[in-house]
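Subject: Structure for you to look at

Hello,

Here is the structure I said I would pass on. Please open it next to this email; my notes follow below.

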Amino acid sequence: MASEHCDACGFDGARYDERSLLDALRAQGARWRALLAMSGSDLRLRPQPEVWSAIEYAAHTRDIIALHVYGVEQALTVEEPVFPPIGDDFVEAAAATYGDADSNEVAAELTSQAMRLAQVAHDAGGEVWARGLTIGGTRIDVRRLLEHALHDSLHHLGDVEHGLALLRE
């Protein structure tokens, strides 16, 4: 399976070996905590109506990482599990609560989930990262789930940095 790549933010999962991928996942909590702290009074402000605030992106990232923990655990313990696609209504329902989230709780939960994701993958060992699951007809292996969790977090860190810069112009 090809590595995850994003032209918009420059993410390339192929740049990460097993150790650096897990280390980068473990570092996400501290990065988000620092960015949320520096957001100050802009924490809940949207730079544009259709662009999320810092806390909204952080809460979304927390949830995405938690979802990936579940996916990796399932891929490692169940033989090729199959799940229905994740509907837009599910995403929208979760997002409705993001703007009011407590930043300290979000940072703590994001940290916990990122550490758990890295630990589950580490404990399993890279030799089984080819195991996978199918979501809505698309098969994804553990390695790609890990890359996607990291990419999503890094991409949204960049979104928040850009949004804060817009707010402060």
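Contact here means heavy atoms within 4.5 Å. Leaving aside its neighbours within four places in sequence, Leu117 is in contact with residues including Leu25, Val72 and Leu146. This is a predicted model, where local features need pLDDT of at least 70, side-chain atom pairs count only at pLDDT 80 or more, and totals for chains, interfaces and linings use all residues. Residues are numbered from 1 along each chain as its sequence is written, and side-chain values use heavy atoms, with hydrogens and water left out.

Leu117, Leu25, Val72 and Leu146 are the residues with the most contacts inside the largest nonpolar core, which has 43 residues. A nonpolar core is a set of buried Ala, Val, Leu, Ile, Met, Phe, Trp, Tyr and Cys residues joined through side-chain atoms within 4.5 Å. Buried means under 20% relative accessible area, exposed over 50%, and partly exposed in between (1.4 Å probe, protein chains only).

How many salt bridges does a search of the whole structure find? There are eleven, a salt bridge being a side-chain nitrogen of Lys or Arg within 4 Å of a carboxyl oxygen of Asp or Glu. One of them joins the side chains of Glu73 and Arg116 at 2.7 Å, N to O. Glu73 is partly exposed at 22% relative accessible area, and Arg116 is partly exposed at 39%. Another joins the side chains of Glu79 and Arg131 at 3.7 Å, N to O. Glu79 is exposed, at 62%, while Arg131 is partly exposed, at 27%.

Regards
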